[in-house]
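Subject: Structure for your review

Dear colleague,

Please find the structure for your review below.

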Amino acid sequence: MTPQNPNTPSKAERNSAARERARQIREAQQKKEQRTKILTIWGVVVAVVAIIAVVALVVVNSMKAEIPDAGPAPQYGNENGGVTLIQDGFEETPDVTVDLANVPEQGEVEEGTLPPGIEAAPDGEPAQIVVYVDFGCPACKQFELAYGEYLTELVDSGEATVEYRVVNFLDRVSSTNYSSRAANAASCVLDVQPDKYSDYVTALFENQPDEGGAGLDNDTLRSIAEEVGVDADGLEDCMEADTYRPYVNYSNALFTAYGVGGTPGVYVQGEKYNSQEDGEFKTYAEGIINGEEPKK
């Protein structure tokens with residue numbers, strides 16, 4: 001009988017070692033499968049994120065599409081980039097086409113020159129009030145919500161006309177040109193269903209998004225129009241085509257060239273209202289309308 005080598009593992013030890021190796025192999029295989037699963041999941045996540053980024057880029061680029069320098073004004077839109085509310089509705093205008101080439105360059109206009117079309121109405125005529133607004137401007141929202149009803153009362157009573165000139169200088173803080181898109185939507189409402197224009201302007205301010213960022217999308221702008229009674233079917237093509245974006249750009253170019261300075265930019269009988277110097281607007285406006293000398 002050959003004596004057993006004391007260094008040779010016993011059968012039990014060999015079986016135990018084999019089981020341990022098998023366990024290690026299984027664990028290694030499980031770890032490999034787990035890594036493969038994680039890499040697969042992350043690959044899908046990266047692909048989805050990439051697709052979302054591409055879609056977002058396409059949407060943003062479409063919202064920042066090239067806008068022509070010339071284009072039509074909406075119904076009742078005037079050659080000064082505004083729309084005038086009068087006692088019986090809107091001031092009639094001829095068909096107007098605007099072109100940025102006809103706007104003076106910044107610096108060419110003598111300082112203090114009033115923007116075109118702003119002047120005191122003759123004695124016996126309704127006083128003229130002109131309001132420059134940007135739908136992305138928080139101060140414009142405050143002004144509209146504070147004095148919108150008062151302005152409506154002046155128009156309805158025949159004491160004054162109120163002309164809104166909508167600009168878009170706050171596009172610079174929006175990733176989707178919100179000011180321009182909202183202004184275009186308002187022009188579309190004016191063209192399609194003018195009796196809802198004032199309601200829509202008020203609703204845009206009531207639903208104003210935080211300044212900066214994307215702002216409201218076009219679907220939301222249409223929904224707001226529907227809420228005030230506009231037939232959104234007639235609105236969609238106008239909004240998607242950016243029909244009145246050239247008109248908005250033109251209004252903004254005049255606003256810049258003539259140094260209006262900021263929004264709301266409010267003129268009463270050719271005199272610019274300054275909230276810091278002139279106090280509460282209603283008191284100031286009533287004084288001007290009643291023939292008092294404005295503060296200098």
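With -80 degrees about the S-S bond, the link between cysteine 188 and cysteine 238 is left-handed. Please bear in mind that this is a predicted model.

The sulfur atoms of cysteine 188 and cysteine 238 lie 2.0 Å apart, and the two residues form a disulfide. In general terms, such a link is a covalent bond between the sulfur atoms of two cysteines. A search of the whole structure finds 1 disulfide. Cysteine 188 belongs to helix α3 (residues 178-192) and cysteine 238 to helix α6 (residues 233-240), so the bond ties together parts that are 50 residues apart in sequence.

Cysteine 137 is buried at 5% relative accessibility, and cysteine 140 is buried at 1%.

In general, rolling a probe the size of a water molecule over the atoms shows where empty space is left. In this model the count comes to 2 cavities of 30 Å³ or more.

The largest cavity holds about 120 Å³ of space. It is lined by 15 residues, of which Gly81, Val166, Ser187, Tyr197 and Tyr247 are the closest to its centre. The elements that contribute two or more residues to this lining are β2 (82-86), β6 (160-166), α3 and α7 (245-257). By class, the lining of the largest cavity comprises 10 nonpolar and 5 polar residues, with no charged ones.

The second largest cavity has a volume of about 80 Å³. Here 13 residues form the lining, and those closest to the centre are Gly136, Ser174, Tyr178, Asp210 and Gly212. What classes of residue make up the lining of this second largest cavity? It divides into 5 nonpolar, 6 polar and 2 charged residues.

With kind regards

Definitions and conventions:
Residues are numbered from 1 along each chain as its sequence is written. This is a predicted model: local features need pLDDT of at least 70, side-chain atom pairs count only at pLDDT 80 or more; totals for chains, interfaces and linings use all residues. Side-chain values use heavy atoms; hydrogens and water are left out. A disulfide is a pair of cysteine sulfur atoms within 2.5 Å. Helices (H or I, at least four residues) and strands (E, at least two) are DSSP runs, numbered from the N terminus. Buried means under 20% relative accessible area, exposed over 50%, partly exposed in between (1.4 Å probe, protein chains only). On a 1 Å grid over the protein atoms alone, a cavity is a set of points where a 1.4 Å probe fits but cannot get out, and a pocket is an open set with protein on both sides within 12 Å along at least five of seven lines; lining residues have an atom within 4 Å of a point. Grid points are joined across faces, edges and corners, and a volume is the space filled by probe spheres set on the points. Ala, Val, Leu, Ile, Met, Phe, Trp, Tyr, Cys and Pro count as nonpolar, Asp, Glu, Lys and Arg as charged, and the others, Gly among them, as polar.
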